[in-house]
Amino acid sequence: ASTNPEDPWITDQRSVIAQASNAEAPTNTKNQAYLQAAQVLDKALLIAPDHDPVYYWTAKCQQALGDRESAKLNYLKAYGLDNSFLEAKRAADELK
């Protein structure tokens with residue numbers, strides 16, 4: 001699984017999350033964007049269940065929506081698939 005920042009999949013997911021986390025958007029709009037992103041990521045997991053960035057970005061959405069337990073599990077799944085994905089490990093550790 002690739003964590004290369006140049007991977008088009010990662011770039012697309014960062015774009016989705018960036019739109020959702022727009023600081024100027026109302027909270028309701030942000031939540032809708034995170035929910036939409038999570039739905040797309042759920043579909044991606046069906047296609048690529050071993051692609052660690054999908055778990056990472058799913059966790060980002062879950063964390064933003066307040067589901068810290070699920071977020072931590074998905075950060076750990078991402079790290080478990082790629083032990084060099086230290087950003088996922090750090091994110092999981094911060095959700096103690």
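Q: What share of the 96 residues in the protein is buried?
A: In this predicted model, buried residues make up 34% of the 96.

Q: What makes Tyr56 a buried residue?
A: Its relative accessibility is 2%. Buried means under 20%. Tyr56 falls under that cut-off, so Tyr56 counts as buried.

Q: Why is Trp57 called buried?
A: Trp57 has a relative accessibility of 9%. The limit is under 20%. Trp57 therefore counts as buried.

Q: How many aromatic pairs does the protein have?
A: The count comes to three. One of them joins Tyr56 and Trp57.

Q: How do you know that Tyr56 and Trp57 form a pair?
A: General point: two numbers describe a pair of aromatic rings, the distance of the centres and the angle of the planes. For Tyr56 and Trp57, the centres lie 5.0 Å apart. Rings pair if their centres lie within 6.5 Å. So Tyr56 and Trp57 form an aromatic pair.

Q: Why is the pair of Tyr56 and Trp57 called edge-to-face?
A: The angle between the planes is 85°. Planes over 60 degrees apart count as edge-to-face. The Tyr56 and Trp57 pair is therefore edge-to-face.

Q: Which residues form one aromatic cluster?
A: Tyr56 and Trp57 belong to it, together with Tyr75 and Phe85.

Q: Where does the charged end of Lys89 sit?
A: The charged end of Lys89 sits over the ring of Tyr79. The distance to the ring centre is 6.0 Å.

Q: What makes Gln62 count as buried?
A: Gln62 has 17% relative accessibility. Buried means under 20%, so Gln62 counts as buried. Its place is in helix α3, residues 52-64.

Q: Why is the link between the side chains of Gln62 and Asn74 called a polar contact?
A: The distance is 2.8 Å. The cut-off for a pair of N or O atoms is within 3.5 Å. The two side chains are therefore joined by a polar contact.

Q: Where does the backbone nitrogen of Ala71 lie?
A: The backbone nitrogen of Ala71 lies 3.4 Å from a polar atom of the Gln62 side chain.

Q: Which residues does Gln62 touch, not counting residues up to four places away in sequence?
A: Gln62 touches Asp67, Ser70, Ala71 and Asn74.

Q: How many helices and strands are there?
A: The protein has five helices and zero strands. Read along the sequence, the pattern is α-α-α-α-α.

Note on methods:
Residues are numbered from 1 along each chain as its sequence is written. This is a predicted model: local features need pLDDT of at least 70, side-chain atom pairs count only at pLDDT 80 or more; totals for chains, interfaces and linings use all residues. Side-chain values use heavy atoms; hydrogens and water are left out. Rings of Phe, Tyr and Trp (its six-membered ring) pair if their centres lie within 6.5 Å; planes under 30 degrees apart count as stacked, over 60 as edge-to-face and the rest as tilted. Buried means under 20% relative accessible area, exposed over 50%, partly exposed in between (1.4 Å probe, protein chains only). A charge sits over a ring if NZ of Lys or CZ of Arg is within 6 Å of the ring centre and within 35 degrees of the ring normal. Helices (H or I, at least four residues) and strands (E, at least two) are DSSP runs, numbered from the N terminus. A polar contact is a pair of N or O atoms within 3.5 Å; within protein, one must be able to donate a hydrogen and the other to accept it, and residues adjacent in sequence count only if both atoms are side-chain atoms. Contact means heavy atoms within 4.5 Å.
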